[in-house]
Amino acid sequence: MSPPLLSATGVAKRYGAVRALVDGAIEVHAGEVVALLGANGSGKSTLGRVITGITKPDAGTLAIEGVVTHVSSPTRARRLGVAAVYQELSLVPDLTVAENVFLGNEPTRLGGVDHRHLTRVTAELLALFEGVFTVPVTPLTVVQRLPPSERQLVEIVKALSRKPRVLILDEATASLGGRQVDRLFQLVGTWRDRGMGLVFISHRMDEIFRVADRAVVLRDGATVGQLQLRGTVERRAAEQKLVELMTGGGEVGALFLDEARPQTPAAAEHGAAGQALSLRGFASGPLAPLDLDVAPGELVGLGGLQGQGQERLLLALFGALPHRGSMSLGGEQVDLRNPRQALRAGVAYVPGDRNREGLLPVRPILENLLLPSWRRYGTPLRMRAARHDAAGVATELNVRYSGLDANVATLSGGNAQKIVIGKWLLRRPRLLLLNDPTKGIDVEAKEEFYSLLAQLQADGTTVLFTSSDDAELLGLCQRVLVLQDGKVTAELSGATLDRNHLVAASLGAR
Amino acid sequence: MLAEARPARGERFRNLTFLVPLLILGVAVLLNYLLQPNLFQPRVLNGNFRVMLPLMVLAAGQAIVIISGGIDLSVGAVVSLVNVLLVTFVKADSGWSAVLLGLAIGVAAGAAAGALNGLCVAYLRLQPIVTTYATSFLFSGIALAILPRPGGALPRALTTFYRSAPLGVPAAALGIVVLIVTWWALRRTRFAQHLYGVGGDAAAARASGVAVAWTRFSSYVVMGVFAAFSAAMLTLSTGSGNARLGDAMTLSSIVAVVLGGTRLAGGAGGITGAVIGVAILTIIRNLITFANVPTWYQTLIDATIILAALAAPGALRRIRGRA
Amino acid sequence: MREWLTRVPPPVVALALSVVLFFVAGAVQPGFFNLDQAVNIVRLAAFLGIIAAGQTLVIIAGGEGIDLSVANVVTLGAILTFMVSGGASERLLLGVVVALAVGAVIGLVNGLGIVGLSIPPLVMTLGMAGVVKGTILAVTQGNIPGGVPPLLARVVTGRLFGVPGILFIWLLFALAMWFVLERTTYGKRLFAVGVNRRTAHLSGVNVPATVVLTYTLSGLLAALGGVLLLGFTQRVFLSLGDSYLFPSIAAVVVGGTVLAGGRGSYYGTMAGALVLTMAESLLRAMRMGEAYQLIVFGLILVALLAVYGRQRETA
């Protein structure tokens with residue numbers, strides 16, 4: 001049997017005190033799709049980055065077609081035939097699609113860039129996704145104009161332009177629409193049949209079973225097992241086995257099971273005037289006018305595929321985006337034109353991109369927690385009271401930190417997220433808007449977050465939240481509004497609050 | 001059916017950021033002509049070109065650095081340095097070999113200065129503004145050490161040539177044409193693509209395999225070479241050396257680049273814009289002179305017009321946003 | 001070695017460096033090494049320090065913030081005090097108020113242009129610098145009537161317990177700056193705006209207002225620097241503030257305030273002002289020709305930047 005296209009063994013990598021990888025291993029043969037699975041913190045992304053030359057490992061061997069090599073940089077990896085598509089894009093907004101696809105790899109003719117070749121090849125590659133673009137995409141389109149899903153497709157096209165023998169897709173489907181994912185998987189099948197080796201890193205069980213031949217599982221930085229997925233394999237049993245491998249056979253988390261643990265608080269009244277939040281004809285940009293009533297203490301989820309308007313709705317409610325229509329909180333009309341006014345009205349927004357929108361990375365934890373609230377402490381600022389309040393909230397949320405003056409960057413993902421939430425809890429908001437709050441957080445922190453939500457609900461806080469995790473939505477909310485293309489296509493509750501209905505509504509099926 | 005390779009309406013012009021400045025230039029020239037009817041006479045036109053050329057070359061180099069996301073505050077000092085080197089190596093009675101040697105030394109010095117800046121900014125990761133400000137002291141000091149007092153002279157043949165009109169076209173105008181042609185050639189290279197990439201999003205460029213540090217470093221070296229040529233033009237114009245010659249040119253080069261439509265943040269724009277920017281600056285100065293503005297008010301009027309021109313893109317965007 | 005250096009707060013290093021340079025100067029030029037000379041250096045540094053205060057705020061605010069109009073506002077502040085007070089101590093207060101008000105207005109225009117018209121700070125303040133200079137020329141027309149109020153001269157140059165008045169003023173000023181940065185809502189918001197404008201906005205901070213206020217303060221503080229400088233030089237001329245522009249930026253950076261924004265302190269700027277003034281004096285003491293002064297100054301600055309000015313981003 002011919003040697004695998006790519007094989008990595010004994011890969012280790014440590015970042016300061018954190019051991020991201022201890023003994024990572026993976027093998028990809030020609031003509032197969034290998035899924036790489038693992039919970040957050042398992043090291044799967046790090047392993048991916050080592051293979052593609054972005055990260056230099058502390059130990060381990062890499063072999064391409066049996067020959068041991070050093071993949072010292074992405075350029076070297078590409079030259080060896082290994083290409084990757086990540087969620088963080090490598091596109092320059094001001095350049096065209098063609099220029100981006102060939103950035104760093106420009107074909108030359110007579111000393112100058114061969115633009116005609118560039119454009120032609122890009123057009124051929126773009127044709128692979130013909131029919132699934134949501135906006136016109138040509139080689140001469142400036143990337144700035146493209147929405148995230150199209151940019152991701154350009155990123156995929158860019159990896160293809162290097163004619164790789166091994167292609168790694170690291171959470172590459174996150175921003176794609178349903179039909180785009182279908183087309184991608186179709187293409188993956190074609191490439192596989194032509195002899196390419198593919199690594200598919202994902203946390204979406206559905207997709208893994210659709211596209212992968214074999215699954216490799218990482219846990220706590222080491223490869224702990226693999227499983228054949230093609231052939232006579234019972235889906236249920238396979239899923240269970242994979243989850244077992246991922247969690248170490250211990251208590252199975254609610255992550256991948258279809259029935260998540262329900263978290264229903266005390267039933268809420270749906271009286272007319274006592275609504276916590278009431279919207280009439282509320283619209284913003286591409287979001288269609290929406291009528292909605294939410295009772296105090298209710299937890300409403302916004303579902304549907306990513307990028308269908310969920311974030312837009314939350315930002316508009318927070319006053320961070322222009323909107324029209326009427327909004328009332330607790331029976332009184334409000335017109336929130338900016339976050340400051342929203343704050344004062346008792347609305348809080350926890351962003352999805354923690355680092356770019358929720359935290360002040362180089363400032364101490366104290367300042368992060370008190371940012372919206374300094375006014376309260378007068379002039380000169382009563383620091384003792386401030387510190388007391390901040391410490392109080394941190395304790396309430398069970399944050400593991402070394403001190404209020406420690407830099408927020410020293411916190412782990414889960415703890416950092418608690419700070420972002422804590423910042424708002426200090427103000428005791430009556431309406432809490434959460435944008436994918438558990439993205440990138442480990443299981444333990446998620447559990448703590450769920451209990452926090454339950455407690456908030458019991459206190460009467462109304463919560464509106466969106467999540468990229470369907471199980472989470474189904475397990476936590478009493479009601480889920482499903483959005484597609486900016487419109488609410490379904491409202492699921494009670495009997496209709498299950499996976500099938502959610503997925504069907506997300507895709508617009510009946 | 002293949003994806004259409006035809007650009008959408010408006011995309012064809014995305015890189016022609018100099019169109020609005022060109023319009024402004026047209027208006028300015030018209031006003032100048034109204035106040036100075038002999039503007040288009042060869043002698044006057046030639047004089048204008050001679051004044052503009054050195055700054056155009058300098059602004060062109062500055063544009064290249066700015067496109068890649070940097071900025072260079074030492075350009076004026078480099079011009080001074082090369083200027084004094086030129087008059088030190090080329091005397092009034094020098095022959096062609098000495099002239100060429102002098103030029104070669106000047107270009108080498110410009111490149112070396114650029115290399116120092118590039119080393120600090122690209123490889124040591126120092127902040128461009130303060131670093132190039134610091135190196136400007138270095139270069140000024142060296143220039144002053146070489147030529148403590150203004151002086152020196154060039155062969156008459158050279159200075160006369162600069163004033164002449166070979167083939168009926170003013171020498172300086174030819175220089176401007178050469179500059180623009182050089183840019184068109186440069187624009188087609190891989191280096192130029194990388195410049196725009198690094199300026200637009202350095203992290204994305206790096207992930208794509210672009211040698212980011214090398215690209216930035218090279219942009220500064222290119223700037224140094226352009227500064228050297230600018231000094232050469234200037235020396236041809238003045239015919240002598242002065243260690244403080246280039247001091248005022250630094251800020252003018254930056255203003256010209258911005259006036260020409262290039263973003264300070266990088267990733268867009270071009271030399272054509274810088275050239276137009278210099279032309280606008282020069283015409284404005286002409287306007288002020290010929291409008292008989294009292295001496296004491298000239299600086300204020302000049303500065304206000306420039307500020308208005310600098311504010312124009314932002315103001316237009318605001319108005320368009322509200323429409 | 002370098003890692004250890006960067007873990008020590010920059011202001012401390014700058015301070016230590018000043019002391020070292022002082023000893024070097026004493027070794028090179030005996031007679032330099034005495035208390036009077038030390039006080040003199042600190043006195044000169046005080047002016048730079050006060051002028052650089054506004055620059056500190058502007059740079060902390062991030063967004064490539066910088067104020068290139070500082071030098072000309074200093075000159076304008078001095079000239080306005082000179083002219084309005086007419087040399088009479090009774091009208092000193094009026095003169096100072098006018099100077100500060102005009103400085104604030106200039107800063108306000110800067111802020112509005114930067115925030116309202118999205119003009120990059122470098123460009124906006126550069127343009128305003130020209131306008132201010134032009135205004136000075138147009139208003140004075142080379143002829144500046146007025147005088148230095150004796151009260152001002154006494155406050156600035158007079159001594160209390162042998163210590164020049166300006167040093168007390170600088171101390172008070174430093175306390176005020178500390179208060180603004182660390183004990184006011186504005187200060188906390190300023191740092192937030194400097195680190196991440198999006199986060200600040202989503203946390204309810206009025207980002208545009210904070211930025212505009214910062215530039216307004218910068219103009220006001222520059223004018224204040226001009227007033228005090230007038231008390232020291234006791235004459236006005238058109239290029240009074242020119243030699244303070246770029247040193248003000250250098251002082252801030254050397255003092256540990258990151259040009260990217262969001263981090264820094266005023267005592268860092270103070271230490272930076274000290275070390276820069278010390279370096280300049282050392283060069284002059286060594287009787288180096290102007291050329292060599294420039295060269296050495298440039299080299300020292302680059303060296304300091306190489307230790308402190310490293311960019312933190314990974315790109």
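In chain C, take the contacts with a separation of 6 or more: 76% of them join residues 24 or more positions apart.

A word of caution before going on. This is a predicted model. It scores ipTM 0.83 and pTM 0.81. For chain C, the mean pLDDT is 86, and 95% of the residues reach 70 or more.

Now the makeup of the chain. There are 14 helices and two strands in chain C. Along the principal axes, its C-alpha atoms fill a box of roughly 55 × 55 × 40 Å.

Next, the contact between chain B and chain C. Chain B supplies 39 residues, and chain C supplies 39 residues. On the chain B side, the elements that give two or more residues are helix H5 (128-146), helix H9 (202-207), helix H11 (249-259) and helix H13 (295-322) of chain B. Which of these gives the most? That is H13(B), with 15 residues.

As for the kind of residue, the side of chain B that touches chain C has 26 nonpolar residues, eight polar and five charged.

To repeat the two main items: chain C has 14 helices and two strands, and H13(B) gives the most to the side of chain B that touches chain C. That is all I have.

Technical notes:
Residues numbered from 1 in each chain as written. Chains lettered and ligands numbered in written order. Predicted model: local features only at pLDDT ≥ 70, side-chain atom pairs only at ≥ 80, totals over all residues. Contact = placed C-beta atoms within 7 Å. Helix = DSSP H or I, 4+ residues; strand = E, 2+ residues; numbered from the N terminus. Nonpolar A, V, L, I, M, F, W, Y, C, P; charged D, E, K, R; others polar. pLDDT = per-residue confidence, 0-100.
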